[in-house]
Amino acid sequence: YGLPEHPEASFRYFVGNGLNKLIERALPEGRRSADDISMVKHLFLNYYQTHGEEQTRPYPGIRNLLSDLHQKGYLLAVASNKYHEGTTALVGHFFPEIPFSGVLGQRDGVPVKPSPVILEELWGKAGVTKEETLYVGDSGVDAATAVNAGVDFVGVLWGFRPQSELAAAGAVHFAQKAEEISAFCERER
């Protein structure tokens with residue numbers, strides 16, 4: 001469509017608030033109409049459904065972390081602002097051995113994070129309370145979601161956003177490596 005391209009680093013700040021916001025941020029100022037967003041969203045979804053796994057990888061240590069936490073009896077869930085079908089496909093592809101209690105992404109009619117609605121839904125699926133929840137994320141949106149939900153939060157520093165953003169949104173606990181999440185869970189048990 002002759003739209004400008006962006007350097008890869010720009011996408012670190014485009015993502016995090018759902019697909020519509022990603023597209024809006026990527027489009028030039030004069031092309032952010034509902035029709036343009038809808039057109040690009042349609043193209044994106046068609047492409048991503050068959051190519052989403054190509055440039056996606058779990059962060060180092062995540063497979064081991066999830067396996068370790070599962071074996072220790074923790075219930076695990078995924079709350080994402082990535083569109084729901086993409087979220088479930090990627091989680092199923094990369095972590096088929098982990099029995100998540102719930103995997104939810106962005107869905108029509110459900111507010112995106114930092115609304116706590118997605119966490120509340122996951123608590124219901126898992127049969128746990130917010131007091132039993134540790135939310136882990138890599139952005140200010142995640143930290144704000146935890147604050148809005150009233151749950152403990154650990155901000156990971158290997159993700160998309162800097163520690164300063166997470167702290168500004170309310171994060172007080174941080175992890176440099178995946179293994180630190182498991183140690184945090186054991187301390188809080």
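**View 1. Aromatic pairs across the predicted model.** A search of the whole structure turns up five aromatic pairs. Rings of Phe, Tyr and Trp (its six-membered ring) count as a pair if their centres lie within 6.5 Å; planes under 30 degrees apart are stacked, over 60 edge-to-face, and the rest tilted. This is a predicted model, where local features need pLDDT of at least 70 and side-chain atom pairs count only at pLDDT 80 or more, while totals for chains, interfaces and linings use all residues. Residues are numbered from 1 along each chain as its sequence is written, and side-chain values use heavy atoms, leaving out hydrogens and water.

**View 2. Tyr-48 meets Tyr-83.** The ring centres of Tyr-48 and Tyr-83 are 5.9 Å apart and the planes stand at 70°, so this pair is edge-to-face. Because Tyr-48 sits in helix 3 (residues 34-51) and Tyr-83 in strand 1 (residues 77-83), the pair ties together parts that are 35 residues apart in sequence. Helices (H or I, at least four residues) and strands (E, at least two) are DSSP runs, numbered from the N terminus. Tyr-48 is buried at 16% relative accessibility, and Tyr-83 is buried at 8%; buried means under 20% relative accessible area, exposed over 50%, and partly exposed in between (1.4 Å probe, protein chains only).

View 3. Tyr-135 belongs to strand 3 (residues 134-137) and Phe-153 to strand 4 (residues 152-156), so the pair links parts 18 residues apart in sequence. Both Tyr-135 and Phe-153 are buried.
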